[in-house]
Every structure is written in C-alpha cells, then in structure tokens.
Amino acid sequence: GLRNHGNTCFMNAVVQCLSNTAPLAEFLALGRYRARGARAEVTHRLAALVRALWSLDYTPRLSADFKSIVSKHGAQFRGNAQHDALEFLLWLLDRMHEDLGTASPAQGARAAAAAEVEQSSGAGSTPAPCAQSFVQSHFQAQYRSSLTCPHCLKQSNTFDPFLCVSLPIPVRQTRALNVTLALQREGRRLVRVGLAVPLLGTVAELREMVAREGDVPPEVPSAVIGGSCPPSVIGGRQACSAVIGGTLLPLPMIGGSSVPSAAIAHVPSVPRFGPPLVLRQERGASWAQLQRGVLAPLRHLMRSGAQGAGTLFRIRVAGDAAPGTYLSPQDARPLCHPAIDRALRLSGAGGPPHAALTVEWDVGTKERLFGSLQEEPAQDAESVRLQQQEHRQQHSCTLDECFQLYTKEEQV
C-alpha cells in the first residue's frame, strides 16, 4: 500500500489504479518512456513510485516526493485538503501526455475526430496525427453518436473525444410481490405465488403474470399494483382473486356486460371462513336470488343434511363507512342500494362496474351449516421463496452491463 500523507487517499487510489494497469506499469517501471528533460518531473516521480511498488522497494519517502512534485506543478493540489480522485486522474494523464508528447490530449483527439468525419463524408482523407503519446494511444478514444431520422432514415454521425466515461449503474427494475390466488373450481385451494413486478409495470403486464402463475386464460385475471385501487371482481370458469399487501382484492371481471358483479371481500376485524367467493349477480336480483348465489359455491362445504332457510346472513358494502350500508332483505332489488351506486362509481377503469360486498354470518347459523370450518390457509409456491431470496440480495452488475446501458439506443 501507499502511506497517506494528509488527505492523499484520492492520490493513492489513482496511483494504485495506474500501477495495476499492466501496459502503463510496464511502460513506466521498465523505463520505456522518453520524457522531455527536467520539466517531466511528474512522470519521473510516478515512474519511480510504480517501479518501487512492483519491486517491493517502496518507502513513504517516495510517495511524499510524488506529492511534493504534484503540488509544485498543480497548484490546486497543494496543502492537505481532500480532492476528487477523478479530477486528479485527468490532471495526471494530461500532465503525462505533455511530458511524453507534443500536443495536448484534447487537441490530438479532436484532430483524429476531424479526420474520421472527413473520411466518412467522402471529403477526402486527412490522416490522424502520427506523433501520439503513450497516453493518447492507450487512454483516449472517440464516442460516435448516430442519429437516424425515423421518417427519411437519414443518418448523422458525430464524434466526441474522451479520456474517461461516466457509466450509469443498472438498478433493479423489479420488486417482489406476493399474490394469493383463490381458484374458484372444484378442489379449490389458495395458492400464494411470488412475482417479480416491474417498477414501472402496467396492469396488463401484471394480469399476464397472474394468468401464467394461475394457469388461467390471460383475458380473465386483472389486478392493481400496490393495492391502491378499489376492490373488483371477475367471472369465468376458472376465476381467481388476489390478496395484495394482506388485503383481499378480487380481480376485475373481463366482459362486455354492464351488469355489476358482487364479491365477498375480506374484513380484517372479523374472522373469515372458507375460501373467498366470487359471483356474478343481476342488478335486479331479489334477496332470495342473491342468497342462493352466495350459497351455491358453498354447497360442497356445508354439513351433511344441513338446510338453509330464511335470512341466513347480512350483506353490506365493504369499505363504506356511511350509516345504513347493509342491504335489506325486504327490498325487491337489494343490489340497487345507494351504497352499491357509490361503489360502482368508485370502481374506476380496468373492467365493467363492480362492487365488493361483505357477508356477515351469525355464529350459530355458521356452526349449524358449516360446523367448525375455518379460513382456508394459503399454500406458498416455490416462487415465493425464490423471489424473496432474489430481491433480498444486493443487486450486482458487470462492467459490460454498465456499457450496454450507457450505449442503449433511445428515442429522442
């Protein structure tokens, strides 16, 4: 390592990087350079320091002498203040170029860029300068920007010289999201799956991911990212609903009907039993029709010989805090309740109008019809563990991926 002489860690970091750049280390340590007289003190001191590092002859005096010479030729680096390592690297390369060549690095690169432009335009051939220094030939390049018109397809190229490139670091573009699928079919079960949801993803993309995991047609499921939208419902032979962030969000129904649907939504303060229910009901249905619609998917869960007669439960609009939000069994059309109208107005885009309802059972009635039936636990698919493990790990990337992101084509 190198001794820190004050706040010289920025200087030591640059020297270590250059010392471990094999072509430059050999060039300096083996004395293959030809510096111009006494004014090349910076290059001479750097060469002596690199040579000592590789021959294990380093002493703090060598790095102190190097700092002194740098302060002599670079007024901005005098004293013991901290500085930017990249700023020092660019200054040191430019100083080495002056010691080893005749033109400044920027001048040489601009001349090479001009020659390239003239050759590509057919205006003649102007060779690039031959008297390039070691720094110019190893540390400089040109960045070509190609602009293509989408209408006439005319291409325009510009060339910009550079000594360094500030590369962007790719960041993770997804986040882990657990979705619980309630499969509405015989042998139904709750399955929690893990998804890698794009940070800037759309509802359509999430719908396709849920469809793949739930093995349902892509036109059936739909969902919201983050759970900020009102609950909604779906219909179909293999319907499914989703629990996002711990709150049940039945997925919107896909279809051309304007008839609203009703879903049994989860109420955190009240224990839920059995699987979530999704049903479709005509707006003008009577209470008896609505009750039969709720009981139909529960028949296989009812106790043997149990009969349901009379009014078995109460129904209210989920999430509506206004008084009188319970639907009345005495109404000829209970689904025409004002609370249903409010829910339909809040349903938003993403499907036909829909409402989420909560069915509240008396404990005695529930025990008589369903016994000790409890809430069905969700089974975690392997994707839950894999996605949590993947997103728990710190995101890493390669230098090649940084260059790919830097040179990615974009629409302007």
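**Helix packing and a hairpin in a predicted model**

Helix α1 (residues 9-19) packs against α5 at an angle of about 55 degrees, and their axes lie 9 Å apart. Helices here are DSSP runs of H or I with at least four residues, strands are runs of E with at least two, and both are numbered from the N terminus. Axes are lines fitted to C-alpha atoms, for helices over the stretch in contact, with angles from 0 to 180 degrees between N-to-C directions. α1 and α5 are therefore oblique to each other; angles under 35 degrees count as roughly parallel, over 145 as roughly antiparallel, 65 to 115 as roughly perpendicular and the rest as oblique.

On the α1 side the contact (heavy atoms within 4.5 Å) is made by F10, M11, V14 and L18, and on the α5 side by A85, F88, L89 and L92. By class, the contact of α1 with α5 has eight nonpolar residues, no polar and no charged ones. Ala, Val, Leu, Ile, Met, Phe, Trp, Tyr, Cys and Pro count as nonpolar, Asp, Glu, Lys and Arg as charged, and the others, Gly among them, as polar.

The model is predicted, with local features requiring pLDDT of at least 70 and side-chain atom pairs 80 or more, while totals for chains, interfaces and linings use all residues. Residues are numbered from 1 along each chain as its sequence is written, and side-chain values use heavy atoms, without hydrogens and water.

Helix α5 (residues 85-100) also meets helix α3 (residues 41-54); their axes come within 8 Å and cross at roughly 110 degrees. The two helices, α3 and α5, are therefore roughly perpendicular to each other, and α3 passes α5 in a left-handed crossing. V42, T43 and L46 of α3 touch W91, L92, R95, M96, D99 and L100 of α5. This contact of α3 with α5 divides into six nonpolar, one polar and two charged residues.

Further along, strands β1 (residues 141-148) and β2 (residues 155-162) run antiparallel and are joined by eight bridges; strands pair if DSSP finds at least two bridges between them. Y143 has D160 in β2 as its bridge partner. Six residues separate β1 and β2 in this hairpin, and L153 in the turn has a positive phi of about 65 degrees.

Confidence is given by pLDDT, the predictor's score for each residue from 0 to 100. The chain averages 75, and 75% of the residues score at least 70. Over residues 103-130 the pLDDT is below 50, and this stretch has 29 contacts in the model beyond near neighbours in sequence.

How values were computed
A crossing is left-handed if the near helix is turned anticlockwise from the far one by less than a right angle, and right-handed if clockwise.
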